Amino acid sequence: DNIEKIQAKLDKKGVIYISRIPPKMKPHNLRTIMSSYGTIERLYCAPESEKVRQFRKKRGGNRSVFFKEAWVEFENKKDAKNVAHLLNGTQIGGQHKRCPWYYDLWTMKYLSKFKWHHITDEKHQRNREAQKRLDSQVEQAKKEANVFL
C-alpha cells in the first residue's frame with residue numbers, strides 16, 4: 001500500500017528537457033526562472049566537456065563552467081507540459097538588454113513517460129565506461145613497463 005502511494009506520487013511528476021542553456025546562465029538562474037511556473041523537484045544541468053572549456057580558456061574566453069543542456073522535474077506533470085508549451089521558442093531575456101541572455105530563445109520539450117532515474121542511470125553508465133577505459137589503459141601501461149624491465 002505504501003509502495004503504491006510512492007509510485008502514484010512519482011507518476012504525477014513531469015520532466016522537461018532544455019536542449020540549450022545560454023552562456024553564463026547558472027543552475028540557480030534557471031531554477032529561479034522555472035520556479036515561477038510551478039514547484040520544481042529537481043534540476044540537473046549538464047556541464048560542457050572539459051576539452052571545450054579548456055579550449056575556450058586557452059583562447060582567452062570566460063573561465064567559468066558553462067552548461068549545455070538541462071532537465072527540470074516539476075512536482076506536477078501538468079505544470080511541466082504547460083511550461084514546455086508556453087516557453088518553447090520564446091525569448092528568455094529579462095527586462096533589460098543588459099541581461100546576458102536577452103536575445104536567446106528557449107528550446108525545450110516535455111518528455112512524456114520519462115522519469116528522473118533515466119538521467120541518473122545514464123550518468124552512472126558513462127562513469128562506469130570511463131572507469132573501464134582508465135583501467136584498461138593502466139593495465140596496458142603495466143604490461144609495457146614489464147616488457148622493458
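Rings of Phe, Tyr and Trp, the last by its six-membered ring, pair if their centres lie within 6.5 Å. In this predicted model, Tyr 17, Tyr 44 and Trp 71 form one aromatic cluster.

Q: How many aromatic pairs does the structure hold?
A: The structure holds three aromatic pairs.

Q: What makes the pair of Tyr 44 and Trp 71 stacked?
A: The ring centres of Tyr 44 and Trp 71 are 6.0 Å apart and the planes are at 25 degrees.

Q: Which parts of the chain does the pair of Tyr 44 and Trp 71 link?
A: The pair links distant parts of the chain. Tyr 44 lies in strand 2 (residues 40-47) and Trp 71 in strand 3 (residues 67-74), 27 residues apart.

Q: Why is Trp 71 called buried?
A: Trp 71 has a relative accessible area of 11%. Buried means under 20%, so Trp 71 is buried.

Q: Why is the pair of Tyr 102 and Tyr 103 called edge-to-face?
A: The ring planes of Tyr 102 and Tyr 103 are at 90 degrees, with the centres 4.8 Å apart. Planes over 60 degrees apart count as edge-to-face, and therefore this pair does.

Q: How do you know whether Tyr 102 is buried or exposed?
A: The relative accessibility of Tyr 102 is 18%. The limit for buried is under 20%, so Tyr 102 counts as buried.

Q: How do you know whether Tyr 103 is buried or exposed?
A: Tyr 103 has a relative accessible area of 61%. Exposed means over 50%, so Tyr 103 is exposed.

Q: What makes the charged end of Arg 56 count as sitting over the ring of Phe 66?
A: The charged end of Arg 56 is 4.0 Å from the centre of the Phe 66 ring. The distance limit is within 6 Å, and CZ of Arg must also lie within 35 degrees of the ring normal. Arg 56 is listed as sitting over the ring of Phe 66.

Q: Which pattern does the protein follow along the sequence?
A: The protein has five helices and four strands, and the pattern reads α-β-α-β-α-β-α-β-α.

Q: Why is the protein called more spread out than a compact globule?
A: The radius of gyration is 20 Å, whereas the globule rule gives 15 Å for 149 residues. The value is well over the rule, so the protein is more spread out than a compact globule. Along the principal axes, the C-alpha trace spans about 65 × 55 × 20 Å.

Definitions and conventions. Residues are numbered from 1 along each chain as its sequence is written. This is a predicted model: local features need pLDDT of at least 70, side-chain atom pairs count only at pLDDT 80 or more; totals for chains, interfaces and linings use all residues. Side-chain values use heavy atoms; hydrogens and water are left out. Rings of Phe, Tyr and Trp (its six-membered ring) pair if their centres lie within 6.5 Å; planes under 30 degrees apart count as stacked, over 60 as edge-to-face and the rest as tilted. Helices (H or I, at least four residues) and strands (E, at least two) are DSSP runs, numbered from the N terminus. Buried means under 20% relative accessible area, exposed over 50%, partly exposed in between (1.4 Å probe, protein chains only). The radius of gyration is taken over C-alpha atoms; the globule rule is 2.2 Å times the number of residues to the power 0.38.
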